[in-house]
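Please read the following with the model open.

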Amino acid sequence: MTGAIMYISGGRWDGIPGTDRLLAEALAEASPVLWVDQPVSIARYADVRRSTLASIRGRTEMVQPGLRRLRLPALPGFSRPFIRRSTEAISRCSLRALAGDHNGRIKGVINASPLVVFPREVHAPRVLHVTDDWLGSAPLLGLAPGHVERVLRENLALADTVTAVSPGLAHKIQAFSGRQVNLLPNGCRTPKALQHGKTMPVAALVGQLNERLDARILELLGESGLPLVVLGPRTEKEVATRRALDRFLSRPTIQWRGPVGPDEVSHLLSTARVGLTPYAESEFNVSSFPLKTLEYLSFGLPVVATDLPAARWLGNPYVCITGSPTEFVNGVRDALQIPPAHQQRLRIQSTARSHTWCVRAEQMLALIEGRQTTEPGTSSGPHQVGSR
């Protein structure tokens, strides 16, 4: 089937790369992709302001081979009820123009946005890809819960297929909607070839530092004296979290290098001894599928993780699932004591090969093109798209 895939994202192309961008980049290796940004205020982003007229006309820009980007402008205060209507009108106009430019050559629409409704002008298979607990997180994101629920209901009614990134999220959306939700989990980048060499006796924590992390685990890790290298930006919103992170990052055995480029992340994951996923037990996290866990495995790192449905779903022998902060710290201590041999790292890395973004992109394409079957689920549980 020829044509492009329209990917309506839950973020901006140049934001922190997450599920949407990583999946879209993998899709672009097999099919042209029309990436659509989440609506953002023209007062906040100069690039959106400059391209407002072009965006309304559906004009895109090439951001990498096979992938073009459309920005969606919004007026300041676009989350307020009256202005929200203008945002919806601008989005509809922009998407209508984008579809018109491609004149029936769109072969599928993936909608991963909590704010944008499927364009009705595009007569192609529609996949609603739920990437986060939009209903539960709306207040945290500064969005009106009632509006997010209305958009979700409308998109559920318009979608041909519904997918979600984690077992917990699939169950939640299935219970909310009363229709089948397929499990299409997050993935990881294609595993790199591992280099022979000595590992450093350090644990690695990569990703955003915010309320999703378990403050008690961070506190015990800081008190333990175990050496940690932390890469990623601080994005916390709550005062208590800020204070907890201040204490954690000030410990002499904790090296925080802030947001860094992919090369530094690769170097750390190639030389560390264990990767950490210390997520707090919250409703939002229960519905999540942490990207970092698979990323660690793809570099041949064993993982110590808190007990979330996504970690259990992996069923990976190299993921140590812990039930308490003390167990978590003990798991890190044990992993640091014995450096993994090169062959063991290769074995760990091989367990991530069935979870790469290229695999996820093929599974999504198969859904769009009608080639994908789902593995049997339970009467109340989600179906798994493809195989593990």
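The paragraphs below take these topics in turn.

This is a predicted model, in which local features need pLDDT of at least 70 and side-chain atom pairs count only at pLDDT 80 or more, while totals for chains, interfaces and linings use all residues. Residues are numbered from 1 along each chain as its sequence is written, and side-chain values use heavy atoms, with hydrogens and water left out.

The structure holds three aromatic pairs. Rings of Phe, Tyr and Trp (its six-membered ring) pair if their centres lie within 6.5 Å; planes under 30 degrees apart count as stacked, over 60 as edge-to-face and the rest as tilted. The pair of Tyr 7 and Trp 35 is stacked, because the ring centres are 5.8 Å apart and the planes stand at 10°. Tyr 7 belongs to strand S1 (residues 4-8) and Trp 35 to strand S2 (residues 33-36), so this pair ties together parts that are 28 residues apart in sequence. Helices (H or I, at least four residues) and strands (E, at least two) are DSSP runs, numbered from the N terminus. Buried means under 20% relative accessible area, exposed over 50% and partly exposed in between, with a 1.4 Å probe and protein chains only. Tyr 7 is buried at a relative accessible area of 0%, and Trp 35 is buried at 1%.

Trp 35 also pairs with Trp 13, here edge-to-face, at 5.1 Å centre to centre and 80° between the planes. Trp 13 lies in the loop between S1 and helix H1 (19-28) and Trp 35 in strand S2, so the pair ties together parts that are 22 residues apart in sequence. Trp 13 counts as buried, at 6% relative accessibility. Through these ring pairs, Tyr 7, Trp 13 and Trp 35 are linked into a cluster.

Charged groups also sit over rings, which requires NZ of Lys or CZ of Arg within 6 Å of the ring centre and within 35 degrees of the ring normal. The charged end of Arg 21 is over the ring of Trp 13, 4.2 Å from its centre. Arg 12 lies over the face of Tyr 45, 4.0 Å from the ring centre.

Strand S1 leads on to strand S7 (residues 106-111): the two run parallel and are joined by five bridges. Strands pair if DSSP finds at least two bridges between them. Ile 8 stands opposite Asn 111 in S7. S7 also pairs with strand S8 (residues 126-130), in the parallel sense and over three bridges, and Ile 110 stands opposite Val 127 in S8. Six of the six residues of S7 are buried, so this strand is largely enclosed by the rest of the structure.

Ser 91 lies in helix H4 and is buried, with a relative accessible area of 6%. Leaving out residues up to four places away in sequence, Ser 91 touches Pro 39 and Leu 72. With neighbours within four places in sequence set aside, Ala 97 is in contact with Ile 56, Arg 57 and Gly 58. Ala 97 and Arg 57 are 40 residues apart in sequence, yet 5.5 Å apart in space, C-alpha to C-alpha. His 147, in helix H6 (residues 145-158), is buried at a relative accessible area of 8%.

Helix H16 (residues 357-368) has 12 residues and reaches 16 Å from its first C-alpha to its last, close to the 16 Å expected at 1.5 Å a residue. That expected span is 1.5 Å times one less than the number of residues. Nine of the 12 residues of H16 are buried, so the helix is largely enclosed by the rest of the structure. Among the buried residues are Trp 357, Arg 360 and Gln 363. Just after H16, Gly 370 takes a positive phi of about 75°.

A nonpolar core is a set of buried Ala, Val, Leu, Ile, Met, Phe, Trp, Tyr and Cys residues joined through side-chain atoms within 4.5 Å. Of the 86 residues in the largest core, Met 6, Leu 128, Leu 205, Leu 221, Phe 248, Leu 276 and Val 332 touch the most other members. Helix H14 (residues 325-337) gives the largest share of this core, five residues. Apart from this core lies another, of 23 residues, among them Ala 28, Leu 67, Ile 110 and Val 385.

Key
Contact = heavy atoms within 4.5 Å.
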